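I wanted to find my way around this structure before looking at any detail, and I kept notes on each thing I looked up.

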Amino acid sequence: MNAPISEPDLHAYADGRLAGARLTQMETWLAAHPERRAEVDAWRRQSAQLHRAYDAVLNEAIPARLMPPANPPRWLESRSVAAMAWLMLGALIGYLSGTHPTQQDTPHAPAASLPRMAAVAHAVYTPEVRHPVEVGADQEAHLVAWLSKRLGTPLKPPHLDQAGYQLVGGRLLAGDSGEVAQFMYENADKTRLTLYIQPQAAQTTDTSFRYARENGIDVFYWVEDRYGYALSGNTGRDDMLGLATLVYRQIAER
Amino acid sequence: MSRRDAIIAEIPRLRRYARALTGRTDAADDLVQQTLERALEKWRFWQRERALRPWLFSIMHNLRIDTLRGEARIEYRDDETLPELAQRADQDDALELRDLDRALALLPIEQREILLLVGLEELSYADVARALNVPPGTVMSRLSRARARLKAILAGEATPQLKVVKS
């Protein structure tokens, strides 16, 4: 038997929290109750309005005063010397790559911060249910024009359809040294990938593929023609390698 | 990704929420800064199995409660002090945002919090209940009241009788 529709159910529906039989039941019920349907639609418009009003904050550079200190003793649990050493190494890398914006990358390697920044951006935006991107793939021409203008290079999102991933859209973010672009892809299982594109500070001669694992996120990154690219996802290293190769080829062929 | 990076990854959302909650950039960032400082102090008490995001929102909520104590409950902002909104927007959008911001300011803070945590931050109802330390039923009833009231305010049906409180 179907449970009766309650007020909390209506909110859960408006917030996209119902699934399966309950969702079907709700849609049938709402079709027969146009007044409640109108109310639910109004709630959804409110949420959309909130996103339009405040999502811009997500793309602002984080003010320096809000950044946690790079290496406060409290962060260390001092469980082992090895952990300490590992953290200090991380702090050193952070120090070298993050806090000295004037420092140029070494000419032969992509910035050490590229995979880290890409993984952070991946973690921030892939869980977004309704607003994962600023400009959707349905406006691809606009998306391409806008991101190309902001990054100062013709930018085209690679297509990953042959691997089962569709372009969701893109957004502009504040990176370590200026604006960066993020494209998001999704497959039929709602698994998401992000491609992070960052202008490189210095001419880089090494375009070789590199791999990093950042808190469960697999990142393949490389440099091509003064831009750093990082593909992030968590479908496992082997799978990600195949996807990154696809992206790499499309970009290199341009 | 280190813990520091995990926290940094949450900052944009904390700022978005605080901006919508307070309506002011500087006050919002003050609140975020205090939240981050408190999170660092309490880091050892964070249980790994608990998601970081609701934990940070709960810290922010408790801080806001502390700050509110002894202050005027209702704050009215006139046109000059209306918040700036960071937005690439045309004029119509800007006006819409201004209206929305004003409307939010007219909601009781308990309703505003829940409306934003659900509608903007998309936290699960259970996470909202834990973050605000209220029973799940209270989340739903406040959400319901908040949405009805926001709708009325935006439609111009609710003209609140508020006194200007100088802080």
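**Notebook: chain A, then chain B**

I began with the order of elements in chain A, which from the N terminus reads α-α-α-α-α-β-α-β-β-β-β-β-β-α. I keep in mind throughout that this is a predicted model. Chain A comes to seven helices and seven strands, and 30% of its 254 residues count as buried. I also looked up the contacts in chain A with a separation of 6 or more, and found that 58% of them are between residues 24 or more positions apart.

Next I turned to where the chains touch, and noted that the contact takes 37 residues from chain A and 39 residues from chain B. On the side of chain B that touches chain A, H1, H2 (25-41), H4 (91-105), H5 (109-119) and H7 (136-154) each supply at least two residues. H1 of chain B gives the most to this side, with 13 residues. By type, the residues of this side of chain B divide into 22 nonpolar, twelve charged and five polar.

I then picked out B:Arg13, which lies in helix H1 (residues 3-22) of chain B. Is B:Arg13 buried or exposed? I found that B:Arg13 is buried, because 22 other C-beta atoms lie within 10 Å, and the cut-off is 20 or more. B:Glu121 is 108 residues from B:Arg13 in sequence, yet their C-alpha atoms are 7.4 Å apart in space.

My last entry concerns helix H6 (residues 125-132) of chain B, whose buried residues are B:Asp127, B:Val128, B:Ala129, B:Ala131 and B:Leu132.

Note on methods:
Residues are numbered from 1 along each chain as its sequence is written. Chains are lettered from A and ligands numbered from 1 in the order in which they are written. This is a predicted model: local features need pLDDT of at least 70, side-chain atom pairs count only at pLDDT 80 or more; totals for chains, interfaces and linings use all residues. Helices (H or I, at least four residues) and strands (E, at least two) are DSSP runs, numbered from the N terminus. A residue is buried if 20 or more other C-beta atoms lie within 10 Å of its own, exposed if 12 or fewer, and partly exposed in between; C-beta atoms are placed from the backbone. Two residues are in contact if their C-beta atoms, placed from the backbone, lie within 7 Å. Ala, Val, Leu, Ile, Met, Phe, Trp, Tyr, Cys and Pro count as nonpolar, Asp, Glu, Lys and Arg as charged, and the others, Gly among them, as polar.
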